Amino acid sequence: MGVRIEYVGHSTVVVDLDGVRLLTDPLLRSRVAHLRRTGPVHADARRGIDAVLVSHAHYDHLDLPSLERLGKKLPVVLPRGLGGLLRKRRFEFVVEVEAGERIAVGALDVLAVPAKHEGSRGPLGASADALGYVVSGSRTVYFAGDTDLFPGMAELGPLDVGLVPIWGWGPGLGRGHLDPARAAEAVALLRPRVVIPIHWGTYFPLHLGLRGAPAFVDRPPAEFVAAVNEAAPDVEVRVLRPGERVDLE
């Protein structure tokens, strides 16, 4: 059996494996605060989802309006300490986890793993350690969420597919993010058979895109491919634009 990956955009990915559909960090709106989306979200990306995996508390990863669009009966897995945000809005199936904990979603095993990233919703907001997830069934898929490099990456494999962030939503990156070169270093540690770059090409600040999407929206993948060819030439890179999908055997 294979796995189907759909890059919905930003850090939102559908992982379709062994009859289970998981959705990561849903961000499904055309406008988020000062950010504009480059294109629409296809409705079928939201259909048939069995559970949601949330990596951390930042507003572009834990987006409550997007979660509400999916319905409040859908299981949501998120870092321990953030469940209250959903329970206040009457979400019915909230699962809080820490790094090292496992849960079953249908036929799949989902392991919460560390991420190196600040995970609060601001000075007075909820806070919890950021996470990634390793999803295991007939194939193994690692969703990194948002992270910087950390030595434990080398211990997460073996992996069939790595979903690795390579950028963000602006012309530059803050601390705790991977740019294309550092993302390639992460790939060299992870050694997946296939890597798919995420967290790029989806949102940009309104004031920088008055005449269309700025150049930095499309630039990161080419830089990432070149860097992976140097750092981990045995790893296959599959670049998906937001809305595209691929079946991997």
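These are my notebook entries on a set of local features that I looked up in the structure.

**Entry 1. Ground rules**

I worked from a predicted model, in which local features need pLDDT of at least 70 and side-chain atom pairs count only at pLDDT 80 or more, while totals for chains, interfaces and linings use all residues. Residues are numbered from 1 along each chain as its sequence is written, and side-chain values use heavy atoms, with hydrogens and water left out.

I placed Pro158 in the loop between β12 (140-143) and β13 (161-165). For the element names I used DSSP runs numbered from the N terminus: helices are H or I of at least four residues, and strands are E of at least two.

I then turned to positive phi values. Asp18 is not a glycine, yet its phi is positive, at about 55 degrees. I found Asp18 in the loop between β2 (12-17) and β3 (20-24). Arg90, also a residue other than glycine, has a positive phi near 70 degrees. Arg90 sits in the loop between α2 (83-87) and β8 (94-97). I recorded Arg90 as exposed, with a relative accessible area of 71%. My cut-offs for relative accessible area were under 20% for buried, over 50% for exposed and partly exposed in between, with a 1.4 Å probe and protein chains only.

**Entry 2. Helices α3 and α4**

How do the axes of helix α3 and helix α4 cross? I noted that the axes of α3 (residues 180-190) and α4 (residues 220-231) come within 8 Å and cross at roughly 40 degrees. Axes here are lines fitted to C-alpha atoms, for helices over the stretch in contact, and angles run from 0 to 180 degrees between N-to-C directions. The two helices α3 and α4 are therefore oblique to each other; angles under 35 degrees count as roughly parallel, over 145 as roughly antiparallel, 65 to 115 as roughly perpendicular and the rest as oblique.

Contact means heavy atoms within 4.5 Å.

**Entry 3. Nonpolar cores**

I looked up the largest nonpolar core, which has 59 residues. A core of this kind is a set of buried Ala, Val, Leu, Ile, Met, Phe, Trp, Tyr and Cys residues joined through side-chain atoms within 4.5 Å. The residues with the most contacts inside the largest core are Ile5, Val15, Leu22, Tyr133, Tyr142, Leu163 and Ile196. Leaving out residues up to four places away in sequence, Leu163 touches Ile5, Val13, Val15, Val141, Tyr142, Phe143, Ala144, Ile196 and Ile198. Another core, of 22 residues, lies apart from the largest one and includes Leu23, Ala45, Leu62 and Leu82.

**Entry 4. Single residues**

Thr24 and Ser11 are 13 residues apart in sequence and 6.8 Å apart, C-alpha to C-alpha.

Pro205, in strand β15 (residues 203-205), is also buried, at 3% relative accessibility. I noted His34, Leu35, Trp169, Gly170 and Phe216 as contacts of Pro205.

Pro171 lies in the loop between β13 and α3 and is exposed, with a relative accessible area of 53%. Pro171 touches Leu208 and Phe216.

Ser30 lies in the loop between β3 and β4 (31-32), and I noted that Ser30 touches Leu35, Arg36, Arg37 and Tyr203.
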